[in-house]
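Hi,

Here is the structure I promised to pass on to you. Have a look at it first, and my notes follow below.

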Amino acid sequence: HSFPTRRSSDLYAAPVVDGKRVYVGEDTGLFYCLNLCNGREIWKYQTQGRIISTAAVEKNKVVFGSTDGYIYCLHAVQGSLLWKVKTGKAVMGCALIDKDVVYIGGSDGCFRALNLEDGSEVWTFRGVKGYIETRPCIYNNKIYFGAWDCHFYALNLQDGSLAWKWSNGHPSDKYSPAACWPVAADGKIFFTAPDRVFTCLDAETGSVIWRTKEHVVRETVGISEDHKRIFSRCMWDYVVAMKAEAAQPVTLWNINAGYDYDHNPSMLIEKGGVVVFGTKNGLIHGINAADGKILWKHKIDNSVINTACMLTQRDIILTSANGTVTRLRVKR
């Protein structure tokens with residue numbers, strides 16, 4: 001069952017939920033809060049640039065970036081502005097909140113850690129040469145992200161100092177590990193990039209543990225709730241699960257999901273044993289995390305489906321590029 005709500009413009013950000021409300025920004029610069037039960041608008045806030053950044057919400061505060069160059073924090077219930085931080089360029093990075101600190105990347109060469117309460121600087125790393133769009137990953141006292149400058153970064157969480165950075169060796173920034181939302185498990189960090197290689201690095205040192213071209217993956221990754229499986233969608237039809245604990249590339253399953261050619265960076269999200277992902281042609285899939293069996297497919301529309309927000313394995317919030325926010329309830 002699908003309950004779509006149409007916004008006024010395109011949506012390129014994933015939805016976030018705080019239990020009663022759904023939050024998402026759109027291409028006109030409007031940021032919306034919707035009622036989780038019926039999709040009706042509760043409030044909206046206008047920025048002066050496109051919103052591509054996926055928000056983060058915690059303690060009645062919702063944080064996101066805009067291409068107008070600001071990082072915003074709004075009251076999650078009322079929609080009022082609590083604080084905003086000016087940066088040097090557009091902010092397209094996705095926000096992450098951890099222990100009352102907001103982590104977010106920009107386009108001005110900076111990755112920032114801000115105090116959730118008032119937006120004050122905790123630390124700023126200024127060594128990035130390209131723009132950031134990903135959602136970072138926190139693991140073992142480090143924060144990880146890729147940028148459109150050919151590099152993948154690990155910063156020390158306490159002070160933002162560079163722990164290490166890694167490059168896949170391509171001279172063109174078009175092959176950067178930048179769109180994928182990285183995941184971590186068993187002392188390893190995992191991501192994919194336009195080079196079509198599945199990459200596993202040592203989370204502490206940045207050294208390569210393994211890299212494989214076997215599955216022709218691109219810009220999608222996901223992790224199982226038990227942290228034992230790492231998922232990715234291939235460029236043609238197939239979805240793959242790799243063994244997280246292995247010191248070499250071990251394929252657990254590789255299933256033909258029948259979606260044709262696709263390189264939409266919609267991450268694979270798992271909850272309750274079901275992996276969900278969207279495609280560029282409006283199709284959402286649910287597959288069994290243990291064996292890759294296709295459980296269901298549902299057509300939302302004919303546009304790009306962004307990374308899903310799973311409330312349960314049968315209750316899913318989705319946004320699509322044509323401006324639709326959908327709550328999908330899967331029949332038993």
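To start with, in which strand does R233 lie? R233 belongs to strand β23, which covers residues 229–233. Helices (H or I, at least four residues) and strands (E, at least two) are DSSP runs, numbered from the N terminus.

Before going further, a word on the source. This is a predicted model, in which local features need pLDDT of at least 70 and side-chain atom pairs count only at pLDDT 80 or more, while totals for chains, interfaces and linings use all residues. Residues are numbered from 1 along each chain as its sequence is written, and side-chain values use heavy atoms, with hydrogens and water left out.

Back to R233: its relative accessibility is 1%, so R233 counts as buried. Buried means under 20% relative accessible area, exposed over 50%, and partly exposed in between (1.4 Å probe, protein chains only). The side chain of R233 makes a polar contact of 2.9 Å with the side chain of D262, and the R233 side chain also reaches the backbone oxygen of G278 at 3.2 Å. (A polar contact is a pair of N or O atoms within 3.5 Å; within protein, one must be able to donate a hydrogen and the other to accept it, and residues adjacent in sequence count only if both atoms are side-chain atoms.)

Next, the salt bridges. The structure holds 13 of them, each a side-chain nitrogen of Lys or Arg within 4 Å of a carboxyl oxygen of Asp or Glu. Among them:

- R112 and D108 meet at 2.7 Å, N to O; R112 is buried at 11%, whereas D108 is partly exposed at 22%.
- K188 and D186 meet at 2.4 Å, N to O; K188 is buried at 6%, whereas D186 is partly exposed at 44%.
- R327 and D315 meet at 2.6 Å, N to O. R327 sits in strand β32 (residues 324–329) and D315 in strand β31 (residues 315–319), so this pair ties together parts 12 residues apart in sequence. Both R327 and D315 are buried.

Finally, take a look at strand β3 (residues 21–25), where 5 of 5 residues are buried. R21, Y23 and G25 are on one side, with V22 and V24 on the other. β3 pairs antiparallel with strand β2 (residues 16–17) over 2 bridges, and with strand β4 (residues 30–35) over 5 bridges, also antiparallel. Two strands pair if DSSP finds at least two bridges between them.

Best wishes
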